[in-house]
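Follow the strands first, then turn to the aromatic rings.

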Amino acid sequence: MGLSSSSAMVPLNLTSELRVVHVLILLYLTPLLFSAAFGNQTPLPDHRSNIASVSNKVDDEVFVQLENAAIEHSKAVDSAVLGKYYIWRREYDNEHTDTKVKFMRDQLVMARIYMLIAKSKSKLDIYEELLNQLKENQRIVGKANADADLPKRAPEAIKAMNQVLSKAKAEMYDCNTFIRKLRGMLQSADERARGLKKQSTFLSQLAAKTIPNAIHCLSMRLSIDYYLLPPEQRKFPNSENLENPNLYHYALFSDNVLAASVVVNSTLMNAKEPEKHVFHLVTDKLNFGAMNMWFLLNPPRDATIHVENVDDFKWLNSSYCPVLRQLESAAMKEYYFTAAHPTTLSAGSSKLKYRNPKYLSMLNHLRFYLPQVYPKLNKILFLDDDIVVQKDLTPLWHEDLKGNVNGAVETCGESFHRFDKYLNFSNPHIAQNFDSNACGWAYGMNMFDLDEWKKKDITGIYHKWQTLNEDRALWKLGTLPAGLLTFYNLTHPLDKSWHVLGLGYNPSIDHSEIEKAAVIHYNGNMKPWLELAMTKYRTYWTRYINYDHSYIQNCKLRT
């Protein structure tokens, strides 16, 4: 539920092709490389003169031993040794439930190579034999992902393919030809992989920007029921707490009811004194009724809830706010809504990310107006809606920010996530005012000192940089680059255990890091409410949803 760079985005048969092609090139080229590296060797027999023409001299005995070992392993197809065919692949030293599937896919690749050679040599009988066996084995392996998916006749098909491959090898062995075909297949497979990767990137970005039907259903049902309520039943209790500076205040801006509910539930279920926590939710006109109805039906453990509609902030208009002014400009409308529409999936993959109008959404930019939205508060903890809270967060209110405005976890490690990753340092406005090596930090969980904010006119600083970036010459998209500029030298680094990022794109986060984190963040395309989500991380989010709730069941939301 989305996809950042991984081979998992490429179909299994293609990764199998790439794997086999690379390995076979290594197998056939290794003796040649040894020859070049170590000089004179024993002359090759006459029947290998074609190899001798490529390499001066090769250790034929070593070559034959490698070759024979591979052939012997390929013939052993019983379940005890199946998968040892590729003796150079250590992954098969362990038992795998997909061993036969991988084996059969690798056989298919070998068959295609020999078919190319047979056709070029007019060996039509071998070509037809390979083609027939290829079709048969393709039908058997189908879309199987595990050995259990294969039919019972799979071992016989593997044996039959081995026999055909052995016959083809015996009649058409030619190292030069084989290497040429392998190189051609490798180049073709690489080109296909690049094309599929671009398409996968485009589709994952597109999927990440959609809301599942079940969540649409939830929002619609809640909205209908909310507007059927009489006005006196639409009010939340404890309204006197909304401006009490002695309580723990949170800002959460979201148009996703389910995501917002997880943030609130997870925070309060891990809070030591839930009655002292106040949640200030802001949503849009479309989801205002749904957000209210959800928390009216599911009161959050004695905590205080307040829901507002961003469209009701009349002071937030184009004469005051640069983002709204830019959105009204013809050039911005052209850029975000009509310009350069892609004609293919791969062509659109590089542009969709940068032309998503959500980056001009006021819900996204409202974080730069916190003192205006909450003028009576002195501190507030800002939370994104794609996070899960796992520990009590109240110690953050006692964190000494040392005169800074923003408390955040830094994200730089060596050269990664520094300012030059987000900002255009070829622009003099950026180059003359900022250090390209400065450390980046994360939005998602930020403690803001609103008193210091007002003293330093943070909103004014933000307006300055947002206005200068009207032509997108300083940065391309989003609120993080604007935040880096606005809070430059005004951010206090929090301990990394407060906020662990990457659950929306990084499959390699250490389990212990996640378990120790106070907040985990699904930043990236693979949001936990999407089918793109990584299964290994999704349960941290779903544990805070009551799937027995009548609204959840009626909209067919699944774990």
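This is a predicted model: local features need pLDDT of at least 70, side-chain atom pairs count only at pLDDT 80 or more; totals for chains, interfaces and linings use all residues.

β2 spans residues 277–283, and seven of its seven residues are buried.

What joins β1 to β2? Strand β1 (residues 248–253) runs parallel to β2 and is joined to it by six bridges. Tyr250 has Phe279 of β2 as its bridge partner. Together with helix α9 (residues 257–269), β1 and β2 make a right-handed β-α-β unit.

β2 also pairs with strand β3 (residues 304–309), in the parallel sense and over six bridges. Here Phe279 stands opposite Ile305.

Now the rings. A pair of aromatic rings is described by the distance of the centres and the angle of the planes. The whole structure holds 24 aromatic pairs. One of them is Tyr226 with Tyr227, edge-to-face, at 5.1 Å centre to centre and 80° between the planes. Tyr226 is buried at 5% relative accessible area. Tyr227 is partly exposed at 47%.

Phe448 and Trp453 also form an edge-to-face pair, with 5.4 Å between centres and 80° between the planes. Phe448 is buried, at 0% relative accessibility. Trp453 is buried too, with a relative accessible area of 2%.

The charged end of Arg234 lies over the ring of Tyr226, 5.0 Å from its centre. Arg367 lies over the face of Tyr443, 4.6 Å from the ring centre.

Methods: Residues are numbered from 1 along each chain as its sequence is written. Side-chain values use heavy atoms; hydrogens and water are left out. Rings of Phe, Tyr and Trp (its six-membered ring) pair if their centres lie within 6.5 Å; planes under 30 degrees apart count as stacked, over 60 as edge-to-face and the rest as tilted. Buried means under 20% relative accessible area, exposed over 50%, partly exposed in between (1.4 Å probe, protein chains only). A charge sits over a ring if NZ of Lys or CZ of Arg is within 6 Å of the ring centre and within 35 degrees of the ring normal. Helices (H or I, at least four residues) and strands (E, at least two) are DSSP runs, numbered from the N terminus. Two strands pair if DSSP finds at least two bridges between them. A crossover is right-handed if, with the strands pointing away from the viewer, the path from the first strand over the helix to the second runs clockwise.
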